[in-house]
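Please work through the exercises below with the sequence and the model side by side.

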Amino acid sequence: MAAATASRSGLRSALPLLAPAYLWLTVAIFLPLSAMVFFSFMTELPLSGKPWAFTLGNYAAFFSQSLYLTLLLASLRLGLEVTLWCVVIGYPAAYVLAKVLKGRSREAIFLLVILPFWSNGLVRIFSWAMVLREGGILDTALNAVLPFKINIDLMYSYPAVIIGLVHSYVPYMVLTCYLTLQAIDDSLIEAGRSLGASRLQVLKRVIIPLSMPGLVAGAALIFVPVVGSFMEPRILGGRTGTFYGTIIEDQFVAVFNWPLGAALSFILLAVVLVILAVASPVLRRAA
Amino acid sequence: MRMPDLTALLTATAVFTSALAFAAKADEVHVLNWKGYGADEPWAVEAFEKATGNKVVNDFFNSEQEMLTKIRTNPGLYDVVMINAAFNDQAMAGKLIQPIDVSKLPNYADISKDKAGSPMLVHDGKVYGVPWVWGLTALAINDKSFDKPPTSIAEMWDAAHKGRVVIRDDAVEAVQFGAIATGQNINDIKDMDAVKTKLTSLMPQIKTFWSSENDWNQMVASNQIDIGTYWSGSADRAKTHFKLPVSLVVPQEGAVAWLDAFSIPVGAKNVAGAEAFINYMIDPKFYVEWVTKVGAPVSANTKAVEALPEDAFNRKVMGDPEVAKRIQFQAPITDAQREAYLALWQQLKVDVK
């Protein structure tokens with residue numbers, strides 16, 4: 001009883017601190033999002049001035065045509081691949097930052113990791129376009145160094161999309177993993193080593209399990225936006241760059257069919273939530 | 001004495017600034033158009049502002065749908081909007097644009113009769129759009145890849161150009177292009193399956209789907225493409241302004257023609273300014289300067305085209321009666337057609353992944 005009263009008064013004193021954030025979330029996210037939910041059940045957008053009615057047709061459209069499912073699966077695969085590459089590239093970097101480097105050099109490397117955040121996303125994508133194309137920076141540089149002639153034209157291909165997305169999202173993985181890795185007490189690692197565990201065993205039995213929350217958080221932060229991404233595939237993917245995100249964009253921008261676009265977005269949201277819900281017990285046990 | 005002085009000064013400043021602000025508001029002409037499409041040329045804006053005292057505020061759209069959304073959701077914001085004639089119907093039916101008093105536009109009399117009287121722009125005897133320029137969606141080639149310019153649309157399907165062909169990421173344009181390639185009327189496509197088959201066989205040739213002039217020019221500049229669909233005005237601009245090795249080809253099978261026109265939205269605050277701006281946009285002096293400095297499509301004003309040198313592309317090629325016979329003007333299409341075209345286009349794009 002006493003505990004309950006204490007927590008209630010705790011909540012009351014916390015309210016002024018929470019209010020701005022929740023007010024902002026209500027106005028900026030909840031209201032527009034519920035408007036979109038509403039639109040997704042309409043035949044026409046009220047803005048268009050045409051008569052409208054409620055319908056489930058927009059959701060039915062997803063199931064009536066195989067192309068939406070094909071693209072959704074392609075986008076999920078893209079999300080998994082990009083997340084995997086981010087782990088492969090980001091985790092070792094985070095480890096070095098947290099456990100190997102100290103002082104000045106850590107600050108400098110850390111800055112390099114965060115640097116991409118300071119530039120506009122579109123600028124980053126277009127600079128990749130210059131690097132990846134035939135006769136571009138990568139092609140020219142490699143041909144200048146190598147004794148034999150090779151032809152590198154990665155632009156407008158699936159690998160180009162992966163490269164662009166991994167570049168954009170790898171800092172998230174580095175940051176989340178860095179935080180959990182840094183919190184691991186060095187004496188735990190030393191204890192493992194002094195008890196005869198090899199470096200690999202320490203990594204497997206101590207470091208990875210203890211940093212799992214960071215890995216999971218990073219993976220979720222990356223997977224969700226990548227599945228819905230449309231800018232990178234459109235610019236870098238060429239004729240292979242059609243994904244679930246790009247057809248949602250088409251519905252909003254090219255044909256002004258917001259109801260269908262909204263319905264497709266919520267189907268994506270539902271699928272992602274189901275994936276995270278299914279994955280979370282597994283991941284929690286692993287952590 | 002000091003305090004009242006200060007108050008007086010502050011009041012005077014406040015009154016003065018608000019008067020200024022008000023004056024600026026009343027004289028602003030808000031223009032909605034594609035970016036880099038004549039109306040936002042700095043020299044043109046400056047000349048217009050100097051001549052009329054109106055201040056031009058440009059805003060841009062990336063698709064016709066976005067343009068319609070912008071005028072729909074911001075009533076009273078825009079004074080002039082550039083609308084493709086095929087969308088004029090839809091804008092008028094949605095009560096987004098108002099009739100224009102053409103007697104206020106001295107240059108209107110010089111607009112070619114077939115364009116001024118187009119049923120797409122004139123409804124019940126009232127003018128809802130002033131024809132500005134027209135052009136083609138035809139083919140453009142990278143001069144470096146051809147000894148002799150091709151004459152047939154079939155060049156797009158030539159295996160020699162595999163992976164070096166581009167087409168615009170636009171469902172309507174793609175389907176109409178397919179209609180021309182299969183010898184059909186773009187406004188009355190009877191055999192949709194033939195269009196689909198034809199486009200399906202084109203997809204493996206494609207390098208990428210372009211969406212802006214910049215995409216196209218970049219790819220030619222870095223010698224990544226041989227041939228692709230392109231707009232006539234843009235091809236001219238790529239050649240004259242950016243000095244790129246680009247030539248327009250109007251294939252013997254034909255090309256899609258479009259007409260762009262200026263309209264005044266319902267609730268425009270500065271109708272007089274809008275009329276002055278539209279009149280300036282169809283003026284021969286502006287047009288000649290636009291063509292010379294930047295490169296442009298063909299003016300709807302016959303006097304403006306006549307003011308160009310005899311061998312100018314827009315006079316010689318585009319004014320050629322042989323070309324006129326081959327081209328087909330885009331007519332309005334319904335929302336249902338548009339969605340069907342998009343579904344077809346998306347299916348094609350998914351199948352080629």
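This is a predicted model: local features need pLDDT of at least 70, side-chain atom pairs count only at pLDDT 80 or more; totals for chains, interfaces and linings use all residues.

Residues are numbered from 1 along each chain as its sequence is written, and chains are lettered from A and ligands numbered from 1 in the order in which they are written.

**Exercise 1.** Find out how the radius of gyration of chain B agrees with that of a compact globule.

Solution. The radius of gyration is taken over C-alpha atoms, and the globule rule is 2.2 Å times the number of residues to the power 0.38. For 353 residues a compact globule would have a value near 20 Å, and the 23 Å of chain B agrees with this. Along the principal axes, the C-alpha atoms of chain B fill a box of roughly 90 × 40 × 40 Å.

**Exercise 2.** Describe how domain 1 and domain 2 of chain B meet.

Solution. Domain 1 of chain B covers 20–134 + 259–309 and domain 2 covers 135–257 + 329–351, with bounds that come from an automatic or database domain assignment. Their C-alpha centres lie 27 Å apart.

**Exercise 3.** Which residues have the most contacts inside the largest nonpolar core?

Solution. A nonpolar core is a set of buried Ala, Val, Leu, Ile, Met, Phe, Trp, Tyr and Cys residues joined through C-beta atoms within 7 Å, where buried means that 20 or more other C-beta atoms, placed from the backbone, lie within 10 Å of a residue's own. The largest such core has 157 residues, and Val80(B), Val130(B) and Phe277(B) have the most contacts inside it. Leaving aside neighbours within four places in sequence, Phe277(B) is in contact with Val29(B), Val31(B), Phe48(B) and Val80(B).

**Exercise 4.** Determine which element gives the most to the side of chain B that touches chain A.

Solution. Begin with the contacts, which join 26 residues of chain B to 21 residues of chain A. Helices (H or I, at least four residues) and strands (E, at least two) are DSSP runs, numbered from the N terminus. Helix H3 (64–73), strand E9 (206–210) and helix H15 (335–351) of chain B each supply at least two residues of this side, and H15(B) gives the most, with seven residues.

How values were computed: Two residues are in contact if their C-beta atoms, placed from the backbone, lie within 7 Å. A residue is buried if 20 or more other C-beta atoms lie within 10 Å of its own, exposed if 12 or fewer, and partly exposed in between; C-beta atoms are placed from the backbone.
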